[in-house]
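I opened the model to look up a few strands, a loop residue and a helix. My notes follow.

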Amino acid sequence: MLNTLQKNFRVRPLTAAVASIISLTAGSMAYAQDDAEEIVVTGIKASLQQAMDIKRDAVGVVDAINAEDMGKFPDTNLAESMQRITGVSIDRSNGEGSRITVRGFGGDNNMVTLNGRVMPAASLFPGAGGSGVSRAFDFSNLASESVAGVEVYKTGRASVATGGIGASVNIKTAKPLDHDGFKASVGAKALSDTTNRTGSDVTPEISGLVSFSDTDAGWGVGLTASHQERDSGSSDVTENQWNIGKWTNAALTDNSKGLFSFKTGAKVTNAPKEGQLYSRPNDLRYAWSDNQRTRDNAQLTLQWAPSDKITGTLDYTYAKNNLQERRGETTSWLQNGNSIDEVIFNNTTAVATPVYIHETAGPRDQGYEQQFRKQETTLKSLGFNLDFQVTDALKLTFDAHNSKAESLPDGGKSGSNDIAVSMGTPTQVAHSLDFRNKTPLFSLTIDDSKKGNKNGKDDAGDVGSQPVRIGYSDQISEIDEYRLDGTYKFDDGHFDFGVQSRQMESSNRSSSRYMAMGDWGIANVGDIPANMITPFNVANFDSLKTGGSYQGGYKADAEKVAEYLVNLYKTPTNGYCFCYEPNFTTNDKLKEDIQSAYFQVGVQGELGGMKTNFLVGIRYESTDVDSASFVRPPSYLEWQDDNDFATHYDNSTKLEATRDKSSYDNLLPSFDFDISLRDDLKARISASQTIARAPYGNLSAAVTGFGSGGGSTANGAIRVANVNNPRLLPLQSNNVDVSVEWYYADSSYLSAGVFEKRVSNFIGTEKTTKQFFGIQDQTNAQSPRVQAAIAALKAGGYGVNDSSLFTMMAMIDNPGTFTDKDGTWTGGAANYNGLEAQHQAFATKYDIIPRSDDPVSNWLVSEPVNNKEAKLYGAEFAAQHFFGDSGFGLQANYTIVRGDVGYDNAGDPNVSQFALLGLSDTANLVGMYEKNGWQARIAYNWRGEFLRSASQGSFRNPVYTEAYSQIDATISYAVNDNLTITADGLNLTGEDRRDHGRTYEMVEYMIDLGPRYTLGARYTF
């Protein structure tokens, strides 16, 4: 039936773009339309009229976007089109739509299928702006040229694959037998991204389609292909961690009582109230990124219909997405060792926030880390479908496919996907962090007379190397799926039945190679040749106001610098190599075996003279989970300086194999009913039970994420680790939808609906304290070395912080004498003087590892558990109106989403909080015009503030993404029946993203974005 509709409806270039707001199709639409007279639709208004008719006739709540013709979709990115559907919002990566949120549920809780087939997900990308192991389908991997339509099922249905509590999304591709004869088109666009700095200012997007079918002979072949390139850039602001504590006035005079380590006589303004929560940042970072994305898609479809009762389809889909990022940053970090001389708080919020901090310490390093990231993601899907009309009443469909997604490093010689070269200038003697404005600022005082090149300038000659890390991560997911579906028609109704078998296997590996080079203390200023370093103003943002910050920084090619430093510092014994570490610290394999069966009945009838549609069904699923992990346990955390730790692995240690299995069953009913109260007024009610399986990463059997917690445990840091849970049950939701639609005029309507979802088995985090593998803690207050060092510091009248404690322990452990380029140094507690130069020398020379008399380390372990329930509810409103024959039309929608569990910003940071993520209101307003060959659309999309994370870092902080709006526009002109010229603009006003924590001033992340423009042409043969 859907294929018939696609064949009969022909519209003009902008139709799908404007139809994306409101058009709706349904797999269970009325069968009585099979004999309908062919209708040729041209233009936006006629297309939306038909979409409105489908909405009226559908059973259940199903929205859709349809391509206006073969190869013509509203946007080159599917997610960008889907955000205009009521209740759908998107997550963006580098300003481009990536994953969807539907009614508050993010990508992991939405099922995505391709032609009804469950697709594997694999879209790793390292770094803060990247993505991890996930079930969520990344729409940026798939171009839209081969897509005929996208269906969004918001209510559960027995015949639809499980996995989507928010929605089940089906991407439909074009079939050659949908169109008789020869069809071909070619399109080209020139893309200009205003954020680009180093790549091409104009990049190509090319697509082509050819389809031929002979319906009399019963065969057809179709091929689509596209190639897209995008060069872009971004600038961002990040914060490593906001530490949270409870204020006591004693902290003003005793640095052991609080988060700040003050200088004597420090100035503190608006100090927090006694017992009030307050915060301290670790640092402030500005960063730049230069990005390249190349996307290639192709699909070949062969169809054979030897009779009007049998149709066979064989298709192969290929998608490849290459991502490359060159990134650099400058980091101004708080040493926080008797060095903070001024703090101004905003104490009017629940958590008192330091809005201005000044510190005098050094000379020490200002960091300028350089990074290189490159990943290739591919999707390959081979499928076969056979439709058999057994009798006039009975139809059977068999479908099978094998689909594989791989996300692999594409890093060239090193074989990695993440190279990070830490480097810095050891010339900072004072700095300030200022959070009083929307964009935080920082300033520096530089003195290169002691540790730099001593020329009195802030230049590349002051730069020296710090550690180099080479990272590796991959994900491979594969699905084999077999389905047999049937439909039997009877008078005024039908029943559907089917069985399905799906086997999924996903693997994930990761490792990191750490090489100290000049170490964090920058032992060798000038060890990176000046010709490999380019001065660059990292604070040169476009729209974020950073003029009051330090205007400087450096760029370098992380690959070339890393290889140079490896060759410079490697020895026969230190294991340095310009390559990834093949002894993986993460090596997980997950298998899911799902068997299902369903039955549903649909009946058309009357109630009190009013037409009704009734659909009721039930789906049974049995799931077996097998999770295995092969990990090399860490030997210890190496204390390198202050809050710098590195996890040490001994490659001679045997792998620890962990395996766990689980099983669960689900019986999922669904019910849909609608009634035509009048010819122009329809009411609906739907109820269903749906599930969404736990994210892949949560089902691992491994212990991962060993971390220091930001310093020594003697000074209050809490070591952390993660344990996952293969026995997690899927989220289970009881859903109810009620809506009414008023079709008050031709091509115009109003609709309103309410929904509620009562969800159990939400995944919360259980925090427990455990010990692993006998790992010891050399920073524990019970360590004899720590106790001796603290006693020596107090005896000398020195404060106890991570900087002084590290230096004293290193000097006690190493009482001898050594010489470096800055002088001669002698260890022993009696020689401690508290000067920064001494600290830098011993931090560069020595690291501290555990000894036999150090206590076994305690780890605060985070484990995902099914321990939460919540209720989500909301309302959706939509309108469509055309103004007579003027050519003008308007569409609008607004979605309200609420939940009964939120985050308490004043909550204890030592207690985990469960809160609903992703809940926000959304709105769309679209104006359109079509007349005399011209088509135009301007679309406004808005998403309100939402909670992105409820447990960021060691202090379990929230992260809120602030409200975001975007304006896009499209205009096209049909030169003739074959040639159309188009122009598009995305994010025309250059809106930016900002995330914050417990208060507005606690900035977590900001990114400076900009508009993108395309100019193109399409020719149809």
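Helices (H or I, at least four residues) and strands (E, at least two) are DSSP runs, numbered from the N terminus.

I noted that this is a predicted model, in which local features need pLDDT of at least 70, side-chain atom pairs count only at pLDDT 80 or more, and totals for chains, interfaces and linings use all residues. Residues are numbered from 1 along each chain as its sequence is written, and side-chain values use heavy atoms, with hydrogens and water left out.

I then asked how many residues of β28 (residues 636-641) are buried. The count is 6 of the 6, so β28 is largely enclosed by the rest of the structure. Buried means under 20% relative accessible area, exposed over 50%, partly exposed in between (1.4 Å probe, protein chains only).

Next I looked at Asn 347, in the loop between β16 (340-346) and β17 (351-367). Asn 347 is buried, with a relative accessible area of 18%. Leaving aside neighbours within four places in sequence, Asn 347 is in contact (heavy atoms within 4.5 Å) with residues including Asn 270, Pro 272 and Ala 352.

Last, I looked up helix α8 (residues 836-845), where 7 of the 10 residues are buried. Among them are His 839 and Phe 842. What covers the buried residues of α8 includes β17 and β28.
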